Amino acid sequence: MIKGALVDFGGTIDTDGIHWMQMFSMAYRSCGLPVDGLREAYIYAERYLGRNAVIGPDFTFRETLRRKIHLQLEYMHINAAPEAILDFCYSYVVRNIGTVSAPALQMLSERIPLVIVSNFYGNMRTVLREFGIDRFFKDVIESSVVGVRKPDSEIFTLGVKSLGLPAGETVAIGDSPDKDMIPAATAGCRTVWLSGAGWADGAVCAADYTIHSLAELPGMKLTSDSPRNNL
């Protein structure tokens, strides 16, 4: 049987399968703002934050989002305050974690130990506390802290080591075929793909399991020798 899980945060725990490019697009449209150039602005902001120590370890998720949106608006030359976009996104995350992710993680953590494996900015522990879900995780493997970034499979190997289990007895749960599923499988883990509104339409993934919401996790029978896509 599967004895431990590695769980992604961005696009998985926070939005239940909605890629942040899609989330920002919904927010901009809701606020009556143009989305032309948003994809390029999204990439710019992500790369900027990855290269520059802008996010402090005590930054909340809300403040992290504020910095991202500010960079996006600046890149797109849109003279607008980020608050309406921020409120749209943050309220969605709060609602999703409270009603979907937290209940699922609590039930799963009662069965097996969980470790976060995420590309993030050094404030992941602060963010987990912010949403009251830090108690579900044995450890946090965060790219900017360990110096390894997805899609490098080594970050999943570090997660496996933190669990103290053989890779074949762990499962990686995430929303990205390229950044989660492929490197996790390379590290020897079983894989659960959270299929949703991804970066690109029509994405396919040869994961061991496919789900459409984290709410499905507690009812799954995870085994280390299951056939692919066996729910």
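Let's start with the largest pocket, which holds about 1,200 Å³ of space. Keep in mind that this is a predicted model. The pocket is lined by 47 residues. Which of them are closest to its centre? They are His19, Tyr42, Glu46, Asn119 and Lys179.

Now, where does the lining come from? Several elements each supply at least two residues: helix 1 (9-13), helix 3 (38-51), helix 4, helix 7 (143-146), helix 9 (177-186) and strand 5 (190-194). Which helix gives the largest share of the lining? Helix 3 does, with 7 residues.

The lining of the largest pocket divides into 18 nonpolar, 16 polar and 13 charged residues.

Next, a helix pair. Helix 4, one of the elements in that lining, spans residues 61-76. Helix 4 packs with helix 5, residues 83-109. Two packed helices are described by the angle between their axes and the distance between the axes. For this pair, the angle is about 140° and the axes lie 10 Å apart. That is why helix 4 counts as oblique to helix 5. The crossing of the two is right-handed.

Which residues meet there? From helix 4, we have Phe61, Arg62, Leu65, Arg66, Ile69 and Leu73. From helix 5, the partners are Glu83, Ile85, Leu86, Asp87, Cys89, Tyr90 and Val93. The residues of this contact divide into 9 nonpolar and 4 charged, with no polar ones.

To recap: helix 3 gives the largest share of the pocket lining, and helix 4 crosses helix 5 in a right-handed way.

Note on methods
Residues are numbered from 1 along each chain as its sequence is written. This is a predicted model: local features need pLDDT of at least 70, side-chain atom pairs count only at pLDDT 80 or more; totals for chains, interfaces and linings use all residues. Side-chain values use heavy atoms; hydrogens and water are left out. Axes are lines fitted to C-alpha atoms, for helices over the stretch in contact, and angles run from 0 to 180 degrees between N-to-C directions. Helices (H or I, at least four residues) and strands (E, at least two) are DSSP runs, numbered from the N terminus. Angles under 35 degrees count as roughly parallel, over 145 as roughly antiparallel, 65 to 115 as roughly perpendicular and the rest as oblique. A crossing is left-handed if the near helix is turned anticlockwise from the far one by less than a right angle, and right-handed if clockwise. Contact means heavy atoms within 4.5 Å. Ala, Val, Leu, Ile, Met, Phe, Trp, Tyr, Cys and Pro count as nonpolar, Asp, Glu, Lys and Arg as charged, and the others, Gly among them, as polar. On a 1 Å grid over the protein atoms alone, a cavity is a set of points where a 1.4 Å probe fits but cannot get out, and a pocket is an open set with protein on both sides within 12 Å along at least five of seven lines; lining residues have an atom within 4 Å of a point. Grid points are joined across faces, edges and corners, and a volume is the space filled by probe spheres set on the points.
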